[in-house]
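Here's a quick tour of one protein model, written for someone just getting started. Have a look at the sequence and the 3D view, then read on.

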Amino acid sequence: MPRFSVIVPAYKVQAYLSECLDSVLTQSYPDLELIAVDDCSPDACGEIIEEYAARDARVRPVHLAENQGLGRARNAGIAQATGDYLLFLDSDDTLAPGALRAIADRIKESGEPDVLVYDYARTYWDGRSVRNQLTGPLTEQGPAPFRLRDRPELLRLLMVAWNKACRREFVERHGFAFPPGYYEDTPWTFPVLMAAESIATLDRVCVHYRQRRQGNILGTTSRRHFDLFEQYDRVFAYVDARPELSCWRPELFRRMIDHYATVFTRRGRLPRGSHGEFLRRARAHYRRHHAPGARMRRRNILVRFGLHRTFRALRLASAVRRRTLKAAVRLARALRTGVLRLHYRIQLRLPVRADRAVFASGAGRGHGGDPGALEEAFRTHAPHIRTAWIARPEHEHTVPPGPRRLRPGTAACWTALARAKYLVTDDVLETGLRKRRGQILVRAQQGTPLGHTGLDLQERPAAARGTDFAGLLRGVDQWDVVLSGNRHATLVWERVFPGRYRTLEYGSPRNDVFQRATSADVTRLRESLGVPPGAVAVLYAPARRDHVRTQRPPLDLERIARRLGPRFVILARTHGERCPEGPRIIDVRDHPSVQALCLASDALLTDYHPIMFDYAGLDRPIVVHTGDWEVYRAASGAYVDLPAFPPGAVGHSEDELIDIFATGQWRGSRSAQLRAVFRERFCPHDDGRAAERVVRHVVLGETEPLPVIPLAERKPVPSACAGSPPATVPQPSGALTVTEGC
């Protein structure tokens with residue numbers, strides 16, 4: 001008997017069905033049966049299901065002799081199910097990676113409830129993924145399992161079957177089944193929640209709900225939307241037959257009227273000329289199922305009285321009001337932009353202030369990166385220069401005491417950009433910036449390049465993503481100084497960003513913190529992240545796949561963490577979808593400081609992310625995953641042949657990576673040899689004084705840079721894990737406080 005029976009009805013979804021079935025069969029939790037129901041689909045759905053059944057014994061195909069609709073197709077799947085729990089998945093949706101494992105763990109820890117409710121995210125055709133906004137009722141705080149009366153707000157969630165796992169014995173005992181027609185989830189979900197003796201929740205996205213451009217039921221114009229009235233008649237008939245459920249009538253009544261108003265107001269659902277009839281039937285249902293005490297919204301009053309023309313008039317007035325407000329906002333923005341431009345032009349005519357410097361990182365992100373390290377170096381080695389930092393409001397808390405805080409797009413910001421002598425950034429400061437005579441613009445590139453960048457992106461449309469190359473070169477023409485960490489980076493930058501600037505090959509200022517940190521700093525950082533004492537912390541930082549719209553972790557971190565055991569902890573810094581969190585997986589994607597994460601970890605696991613060039617300066621183990629190297633190189637290009645010149649052990653699959661960590665290859669002698677060669681090539685100047693060299697050259701006018709401490713003479717600072725080799729760093733003159741914005 002399998003743990004889960006996943007029921008997937010299929011009808012006219014041949015383009016999406018394979019992705020749906022793969023999302024189930026590739027789950028890290030394999031104890032399942034997949035019941036794929038071919039609802040007499042006229043396309044290739046039946047053949048696709050048979051192909052999957054031939055390859056995987058867990059797939060149980062069901063072919064209906066005639067099309068019966070989504071509800072009855074699900075019933076056919078329920079009749080064949082043998083699992084402990086029933087899960088429903090629409091054939092154009094997908095299960096999130098690791099979803100079944102999370103569901104199984106939550107069911108076990110909450111005592112085998114009748115129903116488990118989990119979250120979902122809407123995924124759009126353009127690759128966007130938006131999580132459900134009503135996540136409050138899904139909090140896992142408080143006792144579990146519980147009854148619906150303990151958390152009635154669950155009735156306000158989307159009433160669908162595919163965000164719930166239902167115990168099969170509970171469903172069979174109550175005889176629950178899906179009715180025919182549209183909105184078949186309504187008379188299933190409400191009774192299931194009200195009848196459940198035990199309910200639990202899982203605050204995690206387990207289903208990706210595809211928002212199709214065309215073809216989905218809710219976007220189809222049809223009189224079948226009138227089926228909604230019969231579905232709510234079934235809901236109230238169920239309640240009327242059970243007096244103990246009468247307490248739910250006010251909430252059900254409110255949900256019903258909200259649902260009617262939604263269908264009525266959504267364009268494209270009701271056929272032309274049928275709106276009046278729909279509203280009259282809604283008014284009749286209002287009287288039939290009215291429950292005293294139900295709190296109503298304004299638009300529901302119109303349903304009560306069937307005011308069709310009044311409703312349309314109010315909607316028209318509301319649309320006019322919205323358009324007027326939008327026009328007023330656009331006018332106000334245009335006026336503000338004009339005033340700021342005039343202000344900026346006036347400031348450009350005033351003298352340049354030789355004692356001012358403006359810094360920014362990532363177009364308004366927080367204090368950090370190379371500009372952050374340079375700002376600190378300005379205050380230390382050129383204290384006569386007054387510094388200012390440009391940061392958006394949500395990042396202002398990362399700016400340390402000392403620099404003046406500026407918000408992008410304000411008059412104060414434009415004044416500083418027009419009159420400060422030194423402009424330091426690793427991105428575009430402001431669109432429309434004019435570097436004037438007497439100003440020095442220092443461009444700090446974002447790390448050592450691995451994938452193609454600059455003009456080389458002209459041959460990589462997937463990675464270029466609409467780059468304005470003419471605008472890019474106009475920006476390059478304003479650069480005076482470009483920072484480089486090594487000869488490889490220098491040669492790439494000067495070729496792909498051709499200009500008249502000077503290249504300072506002095507090292508990476510942002511990595512100075514690696515050489516100044518103490519073991520106490522490392523211990524404190526690990527404690528702040530929740531890394532258990534003595535654990536081996538592996539920082540997982542995969543590269544972004546520019547050729548893929550939806551960014552998903554290339555590796556199943558739950559499986560890797562489970563196989564490696566409790567001694568290992570994974571710090572997951574991924575793109576796009578969040579990784580599942582657990583006792584051995586810590587989501588650090590929103591952490592403001594990459595350098596702090598590097599210091600807190602004992603090893604780096606990556607694929608093609610440039611972070612490996614920075615991490616090599618720590619002289620800690622690096623493991624590289626090259627499972628899709630050829631695909632990545634074809635889409636994004638590569639300046640380094642990573643499989644031939646790796647910074648450590650290389651794994652082509654999850655099993656190989658697990659073996660590398662389990663057998664100790666990740667910190668073996670061969671890995672150390674590869675890392676030493678890699679570090680000598682890409683980190684020759686990273687001795688903790690790169691930022692000081694830049695300040696002495698650019699501000700103080702010193703032409704001879706400080707000598708570089710050889711790699712062999714740099715003294716180690718041990719990591720917090722006793723089993724990890726130490727990082728080699730120079731002996732600091734004093735302890736360093738690593739701030740969140742370092």
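Let's start with an open sheet of 7 strands, ordered β12-β11-β10-β13-β14-β15-β16 and paired in parallel. Strands here are DSSP runs of E with at least two residues, helices are runs of H or I with at least four, and both are numbered from the N terminus. Two strands count as paired if DSSP finds at least two bridges between them. Keep in mind that this is a predicted model, where local features need pLDDT of at least 70, side-chain atom pairs count only at pLDDT 80 or more, and totals for chains, interfaces and linings use all residues. Residues are numbered from 1 along each chain as its sequence is written, and side-chain values use heavy atoms, with hydrogens and water left out.

**The open sheet and its helices**

- At the edges sit β12 (404–406) and β16 (502–505), each pairing on one side only.
- From one strand to the next, the twist averages 25 degrees. (Axes are lines fitted to C-alpha atoms, for helices over the stretch in contact, and angles run from 0 to 180 degrees between N-to-C directions.)
- Strand β13 (residues 420–425) pairs with strand β14 (residues 440–444) in the parallel sense, over 4 bridges. Here L423 stands opposite L441 in β14.
- Helix α13 (residues 411–419) packs on the sheet and touches β10 (353–360), β11 (386–390), β12 and β13. Its direction makes about 105 degrees with that of β13. Contact means heavy atoms within 4.5 Å.
- Helix α16 (residues 487–496) also packs on the sheet, touching β15 (481–484) and β16, and its direction makes about 145 degrees with that of β15.

**Strand β6 and its partners**

- Of the 10 residues of strand β6 (residues 115–124), 8 are buried, so the strand is largely enclosed by the rest of the structure. Buried means under 20% relative accessible area, exposed means over 50%, and partly exposed is in between (1.4 Å probe, protein chains only).
- With strand β9 (residues 199–211), β6 runs parallel, joined by 10 bridges. V117 has T201 of β9 as its bridge partner.
- With strand β8 (residues 164–167), β6 runs antiparallel, joined by 3 bridges.
- Strand β7 (residues 129–131) pairs with β6 in the antiparallel sense over 3 bridges, and T123 has S129 of β7 as its bridge partner.
- As background, strands of a sheet pair through backbone hydrogen bonds, either parallel or antiparallel.

**Two helices side by side**

- The axes of helix α7 (residues 227–240) and helix α8 (residues 249–265) come within 11 Å and cross at roughly 180 degrees.
- That's why α7 and α8 are roughly antiparallel to each other. (Under 35 degrees counts as roughly parallel, over 145 as roughly antiparallel, 65 to 115 as roughly perpendicular and the rest as oblique.)
- The residues making the contact include L228, F229 and Y232 of α7, and L252, F253 and V263 of α8.
- By class, the α7–α8 contact has 11 nonpolar, 1 polar and 3 charged residues. Ala, Val, Leu, Ile, Met, Phe, Trp, Tyr, Cys and Pro count as nonpolar, Asp, Glu, Lys and Arg as charged, and the others, Gly among them, as polar.
- V263 lies in α8 and is buried, with a relative accessible area of 0%.
- Leaving aside neighbours within four places in sequence, V263 is in contact with Y183, H225, L228, R269, L270 and F278.

**Cysteines**

- How many disulfides are there? The count comes to 0, taking a disulfide as a pair of cysteine sulfur atoms within 2.5 Å.
- For C20, the closest cysteine sulfur is 10 Å away, in C45, which is too far for a bond. C20 is buried, at 0% relative accessible area.
- C166 is in no disulfide either, as the nearest cysteine sulfur, that of C206, is 14 Å away. C166 counts as buried at 1% relative accessibility.

- Most residues other than glycine have a negative phi, and most peptide bonds are trans.
- A144 and P145 are joined by a cis peptide bond, with omega about 0 degrees. P145 is in the loop between β7 and β8.
- C40 has a positive phi, near 50 degrees, and is not a glycine. C40 sits in the loop between β2 (32–38) and α2 (45–55), and is partly exposed, at 33% relative accessible area.
- D619 also has a positive phi, about 60 degrees. D619 lies in the loop between α21 (611–615) and β21 (622–625), and is buried, at 15% relative accessible area.
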